[in-house]
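Trainee: I should like to study this structure by question and answer. May we look at the sequence and the model together?

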Amino acid sequence: MGSLGETLLTCRDLTMSYGDHVVFEHVDFEVKAGERLCIVGENGAGKSTLVKGLLGLMRPTSGAIEWKEGRGHARIGYLPQRTAARDDFPASVREVILSGCLGTCGMRPWYTHEQRERAASTMSLLDIDDLSGETFCSLSGGQRQRVLLARAMCAADGLLLLDEPTASLDPMATKGLYELLRDLNESHGLTEIMVSHDIGPATEQATSILHLAGDRSFFGTPESYRASAAGRLFAEGGRP
Amino acid sequence: MMAIICRILSYPFMTNALVVGTIVSLCASMLGASLVPKRYSMIGDGLSHVGFAAVAVAYALDMTPLTVAMPVCMVTAFLLLRIHESSKVKGDAAIAVVCSAALAIGVMTVSLTTGMNTDVNSYLFGSILAMSKDDVRLSVALGLVVMVVYLLFYNRFFSLTFDEEFTRATDGHAETYKTVLALLTAAIVVLGMRMMGALLISSLIVIPTLSAMRACRRFSMVVTLGAVVSVVCFMAGVTASFALSVPTGACVVLVDLAAFCLLSLISKVMRR
């Protein structure tokens, strides 16, 4: 984890495309330790593409994604929109959360005592101790996201990347997850990059906003975003 | 019952078959626990058909069947796990194409050369008599390697099958794990093909895991129970096939199926 205010990630003149189709171009933004960046944009604006780029699953067409020296994409705590696991996948909550520690295993085949401790303390931090023996697939949507958040935190070195974490949640669970995330940021200094389709609560909590829109992307504070043409139109549901 | 078991153990070919079969069913069920929940069940089927084609070609060229089938199946397994993501022909259709194409190549090769002889037949439907001393040595050695490698990669395979994207993002070696899983599966399919037959071997991968998934909700428990069910069913199947003089492969599959039905029933009753 970096000390507060230290730049963790810088993206410069970033362009990403599938073949000839340019998804977005010339995007600049940075993330400092302790900040909460919210990435918004229409469907197809390239939010998921940017996530793939940040995770190292896809190469930028041009420009650069630069991490603070010594940390790469591998130490991001990634919370996907939904898991690929089918509904009959036999996995206990504990097994799922421990699998977040895999990135720190190196050549070791099994988890160490410290990694198990870390998984256990993350579970109590997120208040899901009592679920540890449950089957992951039998949980409600909100519980599942908490478990996947715990897995992400085991993998993370102070930085979470959340891809529309509330997409499949009901309003109560959505509210709960946003509160939990704010709490983690305030009391534990976790840096967050969150992709969101809903402009309301996500942008209210953010310290900076990145709006992806082809070649006219916006990056700045929430106040300047709301004042900008892009922000106003997006909030009203129109195209920037 | 004891008399039958004593008689079975008095034949050297039967003890060979029991040793090899136990190892193969143990390994197959462990690999199955990683393949079945990820919807890769048909890969065993595709591999065994390709294995059959390789054996037919090996006979035509007068080569040792296993030395041809093993590398061919390993390459196929590697390709099949990749077809799932990127090809124009999607997963299940691709495997169906591979299965029938391989079978066609095998049958064509056989009919143009020797005609359907007993050896090729035993690869299709399996033969308990097929185990030579060398086969046993090879199977034990390879089986132990598969088991050790599986246990070393256990946590990685779990993460890979549970959430491949997460694994790729947080651990840069997901592709390696996938390749290792493919190679282990190919090795076990080729080893088990002689006894169970190309047409039946994939059941050893799929059914015990399905049975265990009826009863267990934890991955480690599914692996453990699957292995126990697989070995017990294999023993029971071999004993029954010996006592009733029916084909071993088919008998083992039917016992596996019975265990699946039984466990499904028990879990249904328990949940009421």
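The dialogue below takes up the sheet, a helix, the salt bridges and the surface.

Mentor: Please note that this is a predicted model, in which local features need pLDDT of at least 70 and side-chain atom pairs count only at pLDDT 80 or more, while totals for chains, interfaces and linings use all residues. Residues are numbered from 1 along each chain as its sequence is written, chains are lettered from A and ligands numbered from 1 in the order in which they are written, and side-chain values use heavy atoms, with hydrogens and water left out.

Trainee: What is the order of the strands in the open sheet of chain A?

Mentor: Strands are DSSP runs of E with at least two residues, helices are runs of H or I with at least four, and both are numbered from the N terminus. Two strands pair if DSSP finds at least two bridges between them. The open sheet has 6 strands with mixed pairing, and their order is β5-β6-β7-β3-β8-β9.

Trainee: Which strands stand at the edges of this sheet?

Mentor: An edge strand here has a single partner strand, so one side of it is left without a neighbour in the sheet. The strands in this position are β5 (77-79) and β9 (218-220) of chain A.

Trainee: How many residues of strand β3 of chain A are buried?

Mentor: Buried means under 20% relative accessible area, exposed means over 50%, and partly exposed lies in between (1.4 Å probe, protein chains only). In a regular strand the side chains alternate between the two faces of the sheet. In β3(A), Arg36(A), Cys38(A) and Val40(A) cover one side and Leu37(A), Ile39(A) and Gly41(A) the other, all of them buried. The strand is therefore largely enclosed by the rest of the structure, and the count is 6 of the 6 residues.

Trainee: Which residue of β7(A) stands opposite Ile39(A)?

Mentor: Strands β3(A) and β7(A) run parallel and are joined by 4 bridges. Asp163(A) also stands opposite a residue of β7(A), namely Val195(A). The residue of β7(A) opposite Ile39(A) is Val195(A).

Trainee: How far apart are the end C-alpha atoms of helix α10 of chain B?

Mentor: The expected span of a helix is 1.5 Å times one less than its number of residues. For the 23 residues of α10(B), that rule gives 33 Å. The model agrees, because the end C-alpha atoms are 31 Å apart.

Trainee: How many residues apart in sequence are the parts tied together by Glu66(A) and Arg12(A)?

Mentor: A salt bridge is a side-chain nitrogen of Lys or Arg within 4 Å of a carboxyl oxygen of Asp or Glu. Glu66(A) and Arg12(A) meet in one, at 2.4 Å from N to O. Glu66(A) lies in strand β4 and Arg12(A) in strand β1 of chain A, so the separation of the parts is 54 residues.

Trainee: Are Glu164(B) and Lys38(B), which form a salt bridge, buried or exposed?

Mentor: The closest N and O atoms of this pair are 3.1 Å apart. Glu164(B) is in helix α9 and Lys38(B) in the loop between α2 and α3 of chain B, 126 residues apart. As for their accessibility, Glu164(B) and Lys38(B) are buried.

Trainee: Where in the chain does Ser245(B) lie?

Mentor: Ser245(B) has a positive phi of about 50° although it is not a glycine. With a relative accessible area of 67%, Ser245(B) is exposed. Its place is the loop between α12 (219-244) and α13 (248-271) of chain B.
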